[in-house]
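Subject: Structure for you to look at

Hello,

Please have it open while you read.

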Amino acid sequence: MAVNNVTRFLDSRKVPYTVFELPREKLGGEEVARLLNALPEIVFKSIVILRKGSGKPVLAVVPVNQEVDLKKLAKTVGEKKVSPATQREAENITKLQAGGISPLALINQGFEIVIHRSVLKFEKVHISGGELGVNIRLSSSDLIDLTRAKVADIS
């Protein structure tokens, strides 16, 4: 089983989770869902979003079969306009590789985390485990609580 900062954090908080190991390469969200044999609706991806003003970026977390609605997200975080980071910007900002960016790896890093409201429909969801090839399934409520995320219609 993969052990990294995310799994150590979950263990320290006694949060139940399951680790799934995938190919250690950047995969599309639909491909991840297929490899996990999971519905795309319960596999969430993390998108780094830049504010036009100052302040740390936002991490938008949405199901892999949806896209972030930038206008809805901007309104949710109190900005006039936001834009997605490029892959290079996202990697530089998070210090994580694209495909391994996880809200659990960015706790206490100053990111505002917003998760699509569909997370509330499911008891358990999948998210990246903080590095390529690692995926974690945990309860939706634990994900929201641990990340102190806002839950909103952002897609």
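To begin with the open spaces: what volume does the largest pocket have? The answer is about 590 Å³. Please keep in mind throughout that this is a predicted model.

Of the 32 residues lining that pocket, Lys-26, Leu-27, Lys-45, Ser-46 and Gly-99 are the closest to its centre. Two or more lining residues come from each of H2, S2, helix H4 (87–94), S6 and S7. Strand S2 gives the largest share of the lining, with five residues.

**Strand S7 and its partners**

Strand S7 covers residues 134–139, and five of its six residues are buried. Strand S1 (residues 17–21) runs antiparallel to S7, and five bridges join the two.

Is His-126 buried or exposed? His-126 counts as buried because its relative accessibility is 3%, below the 20% cut-off for that class. Its side chain makes a polar contact of 2.7 Å with the side chain of Asn-135. Beyond its neighbours within four places in sequence, His-126 is in contact with Phe-20, Leu-36, Ala-38, Ile-42, Val-43, Phe-44, Asn-135, Ile-136 and Arg-137.

Next, the nonpolar interior. In soluble globular proteins, nonpolar side chains tend to be buried together. In this model the largest nonpolar core has 31 residues, and those with the most contacts inside it are Leu-10, Leu-59, Leu-104, Ile-115, Leu-138 and Leu-146. At least two residues of this core are supplied by each of helix H1 (5–12), S1, S2, strand S3 (58–63), strand S5 (112–116), S6, S7 and helix H5 (140–147). There is also a second, separate core of 12 residues, which includes Ile-49, Val-58, Val-68 and Ala-74.

Apart from neighbours within four places in sequence, Leu-10 is in contact with Val-15, Tyr-17, Leu-104, Ile-136, Leu-138 and Leu-146.

After H5 comes Arg-148, which has a positive phi near 55°.

**Loops**

Which residues does Glu-41 touch, not counting those up to four places away in sequence? They are Pro-63, Asn-65 and Phe-122. With Asn-65 there is a polar contact between the two side chains, at 3.4 Å. Glu-41 lies in the loop between helix H2 (29–36) and strand S2 (44–51). Its relative accessible area is 31%, so Glu-41 is partly exposed. For a sense of distance, Glu-41 and Val-114 are 73 residues apart in sequence and 16 Å apart in space, C-alpha to C-alpha.

Finally, some backbone angles to check. Most residues other than glycine have a negative phi. Lys-95 is not a glycine, yet has a positive phi of about 65°. This lysine is placed in the loop between H4 and S5, and counts as exposed because its relative accessibility is 68%. Asn-108 is not a glycine either, and has a positive phi of about 65°. Asn-108 is found in the loop between H4 and S5; with a relative accessibility of 62%, it counts as exposed.

I would be glad to hear what you make of it all.

Best wishes

Notes. Residues numbered from 1 in each chain as written. Predicted model: local features only at pLDDT ≥ 70, side-chain atom pairs only at ≥ 80, totals over all residues. Heavy atoms only, no water. Buried < 20%, exposed > 50% of the residue type's maximum accessible area, 1.4 Å probe, protein only. Helix = DSSP H or I, 4+ residues; strand = E, 2+ residues; numbered from the N terminus. Pairing = 2+ DSSP bridges. Polar contact = N/O pair within 3.5 Å; in protein donor to acceptor, adjacent residues only side chain to side chain. Contact = heavy atoms within 4.5 Å. Core = buried A, V, L, I, M, F, W, Y, C linked by side-chain atoms within 4.5 Å. 1 Å grid on protein atoms, 1.4 Å probe; cavity = no way out; pocket = protein on both sides within 12 Å on 5 of 7 lines; lining within 4 Å. Points joined across faces, edges and corners; volume = space filled by probe spheres on them.
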